[in-house]
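Please read these notes with the structure open beside you.

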Amino acid sequence: MPHDDDAPLRIAVVGAGPSGFYATEALLKARDDVLVDIFDRLPAPFGLVRYGVAPDHQKIKSVTSLYARTARDPRVRFLGNVDVGRDVKVDELRRYYHATIFAYGAPGDRRLGIPGEDLAGSLPATDFVAWYNGHPDYCDVTPPLDGETAVVIGVGNVAVDVARILAKSADELAASDIADHALAALRESKVRDVMVLGRRSPAEAKFTTKELREFGELENVDVIVDPADLELHPVSRERLAEQSTERRNFEVLKSFAKRPAGGAARRLHLRFLYSPRALESDASGERVEALVVERNRLELRKDGSLGAVGTGVTERWPAQLVLRSVGYHGSALPGVPFYERRGIIPNDRGRVLEEPDGKPVPGWYTAGWIKRGPSGVIGTNKADALETVGRLLEDELPTPEDPRPQAIDALLARRGVDVIDFDSWRRIDRIELAAGQEHGRPRVKLVSRAEMLEAGGPDAATLEGVEDAEGDGA
Ligand code: NAP
């Protein structure tokens, strides 16, 4: 066993999202003498489950009850509202912990690199998602919903989420835990047409079938697919025979194409083989008015994939809201190596490397999207975190100067950081759930940091009889 001093192994996990919790769970299962501190810069745990998963996908969110069980293990502490990098530097963590696992996700967006991308009304889908999910840093995004047409660029599951939220009625959304400010704005929305745009053909789309099928179940929404978009490249057709998700997607799209348009209040158009080329402004020069797209054809690349190639034929689509949903991108944490092109921390199966293909940095590990890039579903992070923890437990770890848990507490107290621990979070959780109960909703989210800190503080009211997320009552 590489770690041989008598003190328990002290591990810092940076990021309280799925990968941080799965890494913690793996550590707890692997050994008894381990103490894990999970840091998050937000006062609330659960990362992308709280702030990324769509509010009308409550079933997916129920995974938080497993994370809450991990957090309640006496060997685990949640240190919320602590910004690693600002409140405590990454190098300072070495003084208190044998190892640090960076699992802070990939919250940034990817850009299209086309003219007009920064006009008002053009924004990353990631901002829109964070806004409707009540992320404290995105309350002021205020996407303009006063135009009739919104375009969503990209055909992954995030594109499907944002298109569905735009197409659903406010009454349907009111049954979810969507942030109150977003519900109020969407109630006033004038959007009637939501266009979802794929640059390749339906057979190359990234969404999953369950998510696609949901479009067809929306109340008062016509789903429109042009049968011409379903004529496939011979290679796509061949591949459909081997790829079950793509094949099922294609069947669903065929069924949409056969549906008669029913004069519904909103229309959701799925368009394929178009690339965005430019966003045009209105007379003010500031606000998006139209998207210029180019018709594509597919071409077999040397690597065997099918790439989109412009045909030179362009169209101009009026659009007052353009959401680019072309993937997330990780960002650097000061002091931690970063591989800019891929938006990840360079690593070898979870061991942080000084540079891509470089030497490992002793005691530093990474898990989740910031380790492998923004792909996969929540469960994918379990195997990913297990791989990282496996490497950590194999390695000779540096010995920290002061591994006592109270030492890091004292440092944060000296710096005036209001730490939200798991009991404080449970107070916030109960307040949100109680407000939800009152309004027939799963929860009403507290959005601002100030509200959360007040609700989580020791003087916050206790709510007798309100079940918390783990279902054991207050
Ligand atoms: P994604 O699945 O990688 O999809 C990105 C989409 O953007 C692709 O259709 C891609 O097309 C397109 N794209 C990229 N660059 C483009 C460009 N320059 N012009 C036009 N289109 C472009 O990413 P995501 O939707 O952000 O999802 C991230 C991960 O989260 C995925 O693994 C997803 O499954 C997961 N997720 C899951 C759920 C769920 O399970 N319900 C919900 C949300 C997210 P190409 O294929 O042609 O590159």
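1. Which domains does the domain assignment of the chain give? The assignment, automatic or from a database, gives domain 1 (9–107 + 330–420) and domain 2 (111–326). Their C-alpha centres lie 33 Å apart.

2. This is a predicted model, in which local features need pLDDT of at least 70 and side-chain atom pairs pLDDT 80 or more, while totals for chains, interfaces and linings use all residues. Residues are numbered from 1 along each chain, and side-chain values use heavy atoms, without hydrogens and water.

3. Between domain 1 and domain 2 about 1200 Å² is buried, with 49% given by carbon and sulfur atoms. Buried area is the accessible area (1.4 Å probe) that two parts lose on being put together, summed over both. Tyr51, Pro55 and Asp56 supply 46% of what domain 1 buries against domain 2, more than any other three residues.

4. Four salt bridges (a side-chain nitrogen of Lys or Arg within 4 Å of a carboxyl oxygen of Asp or Glu) cross the interface of domain 1 and domain 2. Asp56 also forms a salt bridge with Arg164, with the closest N and O atoms 2.8 Å apart.

5. Not counting residues up to four places away in sequence, Glu204 touches (heavy atoms within 4.5 Å) Ser236, Leu298 and Leu306.
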